[in-house]
Amino acid sequence: MKIKKNIAVSESGFLFDSNTGDSFSLNETGKQIVKMLNENRSEEEVRNYFLNNYDVEEGTFENNFNDFINMLQNLNLLENEG
Amino acid sequence: MATKEKLKYERPVINKINAGVTDKFGMSTKMEIIEEIDSVKITDLLNEYGSPVFAVSENTIRKTINELKQSFTTRYPKVQIAWSYKTNYLNAICKIYHSEGSWAEVVSMFEYEKAISNGVSAKKIIFNGPDKSKADLEKAINNGSYIHIDHFDELYDIIAISKTSKERPKVAIRVNMDTGIYPQWDRFGFNYENGEAWNALNRIMLSEKLDLVGLHTHIGTYILTPSAYGVAASKLSELAVKLDKKYNHKIKYIDMGGGFASKNTLKGAYLPGKDTCPTFDQYAEAITNAIINSEIDPQNMPTLFLETGRALIDDAGYIAGTVLANKRLASGRRSMIVDTGVNMLFTSFWYEHEIYPAQEVSSHTEDTTIYGPLCMNIDIIRSAINFPLLNKGDNYVLKRVGAYNMTQWMQFITLRPNIILIDTKGKTHVIRENETNETMTALEKIPEHLK
Ligand SMILES: Cc1ncc(COP(=O)(O)O)c(C=O)c1O
C-alpha cells in the first residue's frame with residue numbers, strides 16, 4: 001500500500017493532491033499512518049506501532065485502520081496495487 | 001503491566017477541505033466539551049449510576065424560575081406561576097417548583113392526584129384539558145380547585161353538578177384565537193373571533209351557580225414571536241372589560257398558559273435556538289404591556305398566571321451516555337451508535353439536540369449520523385452533525401432535555417435508566433430508579449392455559 005507520488009503531505013497533516021488540486025486534512029493518527037505508508041512500512045508494522053504506542057485495542061484499531069484505508073482509496077490517494 | 005504511558009488514541013480520519021464553505025450556521029465547528037454538570041464529573045455519574053443516565057440540575061431549575069419571576073414581577077404587580085405537570089412530573093422536580101411558590105397546572109386526574117400527594121393545596125391547582133369526567137369535576141369542585149373549561153359539554157356537566165354541590169365551582173374558560181401565528185391552535189377551548197368564547201362566558205354568568213374567576217389561553221408551544229402573546233393578552237383583556245361592562249363582574253386572573261420557546265433548535269431551523277429564542281423579558285414586555293394598556297380598571301388588575309413548561313426546565317436536563325460503536329455506512333457516511341435512543345429522547349422528533357463529547361477530543365471532526373441503540377430505523381438522534389471522533393466507550397452529553405422526555409418517554413426494546421438530581425450543593429440523588437425486568441412484568445398476567 002502506497003500513497004500516490006503526486007501527493008504532498010505537510011508536517012501539520014495537510015495533504016495536497018497536485019493532480020486534482022484537492023486538499024485534505026488529517027488528524028494525528030491519520031497523519032502517522034500516512035507517514036508510515038510513505039516510508040514504505042508494511043501494514044503489519046503500522047499495526048504493531050499503534051498497538052505498542054497508543055491506548056487502543058487490537059480489534060478497534062483493525063476496524064479503524066481498514067476504514068481509513070478505504071477512505072484513502074475512495075479519495076483516490078493510493079497507488080493502484082498490482 | 002505496561003510501563004510506558006500510552007498515547008491517547010483517536011481513530012484516523014481524513015477530511016477533504018472545501019475552501020470557503022462553512023457549515024449551515026456559518027460558524028466555526030469548534031466543539032465545546034462537557035466534562036461536568038454543576039461540578040459533578042460525567043465519568044463519576046456514569047460509574048455510579050450506569051449508562052445512559054438522566055441528570056437534572058436543581059441549580060438551573062431554581063435559577064431559571066427566578067429569572068422568569070424577575071422578568072414579570074418587575075413589570076406587573078401580581079404574578080403567579082403554575083408548574084405545568086406534563087412537562088416533567090417527577091415528584092422531586094415538582095417539589096422544587098412548589099418550593100419556589102409555583103401552583104400546579106394539571107390536565108388529568110392522574111396529574112391532579114400527583115399534585116395533591118406532592119402537598120399542593122387543592123385550592124392552588126389549575127385543572128386544564130379536554131378530559132375531565134363527571135367524577136373528576138365533582139372532586140375538583142368540592143376541593144375548590146380552579147377548573148378551566150374546554151368545551152360546552154364540560155360547561156353543562158359543571159352546571160349540572162353545581163345544582164346539587166355545596167361548593168360553588170370556580171371556573172375559567174380556555175380561549176383559542178388568531179394571534180397571527182401559524183398554526184393556530186383551535187382544538188382546545190372556545191374561539192374568540194367567532195363569538196364562541198363570549199357566548200360561553202354569558203352562559204356561565206347567567207347560570208348564577210358558577211364563580212367565573214379567570215380567563216385562560218395557551219396559544220401553542222415553542223412560540224418564537226412575543227408579539228403573539230401581546231395579541232392574546234389584549235383579546236383576553238377585551239373579554240374581561242366586556243364582562244365588567246355587562247355584568248359589573250371583575251375576573252380575578254388572566255392565565256397566559258405556556259409556550260415560551262426554549263433554547264433548543266427546531267428541526268429545519270436555520271439558526272441555533274440559543275440565538276433565536278426570545279428572552280423572558282421580551283415575552284413579559286409583550287404580555288404586561290397589553291394588559292396594562294387595556295381598558296381593565298386599574299383598581300382591579302387581574303393576577304397574571306403563567307403555565308410555562310419547556311422554557312423553565314429544558315436547560316436543567318441532561319443525558320450522559322456512552323458510544324457503542326462507529327460504523328461506515330454503504331454511502332461512505334460515518335455513523336456513530338450511542339446508548340440513548342428515541343425511546344428516552346422523545347423530543348428528538350422536534351429538535352436537533354445538542355450533543356457534546358464528555359472528554360478531551362482533537363479539533364478534527366467528521367460529518368456524522370448519530371443513531372440510538374434501538375433496532376429501529378427511526379432511531380436517529382442527529383441525522384447530520386459535524387462531530388469529533390469519539391471511540392467506542394467514550395462518553396457524550398446531550399443538553400437541554402429536561403422538558404417532556406421524562407414524561408413522554410416509552411419503555412420500548414430496553415429499560416429506562418436512572419434519573420439523578422444534582423442538588424444545589426453538588427450532591428447527587430436518584431429521583432427515579434432504573435427499571436428492571438421485574439418492573440416491566442409486575443403488571444403482566446399469564447392466563448391459566450399458558451402457564
Ligand atoms: C394548558 C397548557 N399549559 C401549559 C403548557 C406548557 O407548555 P410549554 O411547555 O410550551 O410552556 C401546556 C403544554 O402543552 C398546556 O397544554
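1. Let me start with the ligand: 14 residues surround it, and the closest are B:T221, B:G259, B:E307, B:G309 and B:Y404 (a residue is near a molecule or strand if one of its heavy atoms lies within 4 Å of it). From B:Y404, an N or O atom of the side chain is 2.6 Å from an oxygen atom of the ligand.

2. A word on conventions: this is a predicted model, in which local features need pLDDT of at least 70 and side-chain atom pairs count only at pLDDT 80 or more, while totals for chains, interfaces and linings use all residues. Residues are numbered from 1 along each chain as its sequence is written, chains are lettered from A and ligands numbered from 1 in the order in which they are written, and side-chain values use heavy atoms, with hydrogens and water left out.

3. Next, a sheet that draws on both chains. Its 4 strands form an open, antiparallel sheet in the order β1(A)-β2(A)-β3(A)-β1(B). At the edges are β1 (7-9) of chain A and β1 (14-16) of chain B, each pairing on one side only. Neighbouring strands are turned by 25° against each other on average, direction ignored. Here helices (H or I, at least four residues) and strands (E, at least two) are DSSP runs numbered from the N terminus, and two strands pair if DSSP finds at least two bridges between them.

4. Within that sheet, β2 (residues 14-17) and β3 (residues 23-26) of chain A are antiparallel partners over 3 bridges, and A:F16 stands opposite A:S23 in β3(A). Helix α1 (residues 28-38) of chain A lies across β1, β2 and β3 of chain A and runs at about 110° to β3(A). Axes are lines fitted to C-alpha atoms, for helices over the stretch in contact, and angles run from 0 to 180 degrees between N-to-C directions.

5. In that helix α1 of chain A you will find A:Q32, which is buried, with a relative accessible area of 16% (buried means under 20% relative accessible area, exposed over 50%, partly exposed in between, with a 1.4 Å probe and protein chains only). Leaving aside neighbours within four places in sequence, A:Q32 is in contact with A:Y49, A:F50 and A:Y54; contact means heavy atoms within 4.5 Å.

6. In chain B, β14 (residues 317-328) deserves a slow look. With β4 (residues 53-57) it pairs in the antiparallel sense over 4 bridges, and B:A55 stands opposite B:Y318. To β19 (residues 395-399) it is joined, again antiparallel, by 5 bridges, with B:I319 opposite B:L398. Another 5 bridges join β14(B) to the antiparallel β15 (residues 334-338), where B:N326 faces B:M336. β14(B) and β15(B) form a hairpin with 5 residues between them, and B:G332 in the turn has a positive phi of about 95°.

7. Two helices of chain B are also worth checking. In α4 (residues 109-117), B:M109, B:E111, B:Y112, B:K114 and B:A115 are buried; the buried residues of this helix pack against α3 (91-99), β6 (103-106), β7 (125-127) and α5 (134-143). Just after α4(B), B:G119 takes a positive phi of about 85°. In α2 (residues 58-73) sits B:T60, which counts as buried at 13% relative accessibility and touches B:D315 and B:A316, not counting residues up to four places away in sequence.

8. Please look at the backbone here. Most residues other than glycine have a negative phi, and most peptide bonds are trans. The bond from B:S51 to B:P52 is cis, with omega near -5°, and a cis peptide bond also joins B:Y182 and B:P183, with omega about -5°. B:S39 has a positive phi near 70° and is exposed, with a relative accessible area of 63%. B:Y222 has a positive phi near 55° but is buried, at 10%.

9. Finally, the cysteines. B:C277 counts as buried at 16% relative accessibility, whereas B:C375 counts as exposed at 73%.

Note on methods: A polar contact is a pair of N or O atoms within 3.5 Å; within protein, one must be able to donate a hydrogen and the other to accept it, and residues adjacent in sequence count only if both atoms are side-chain atoms.
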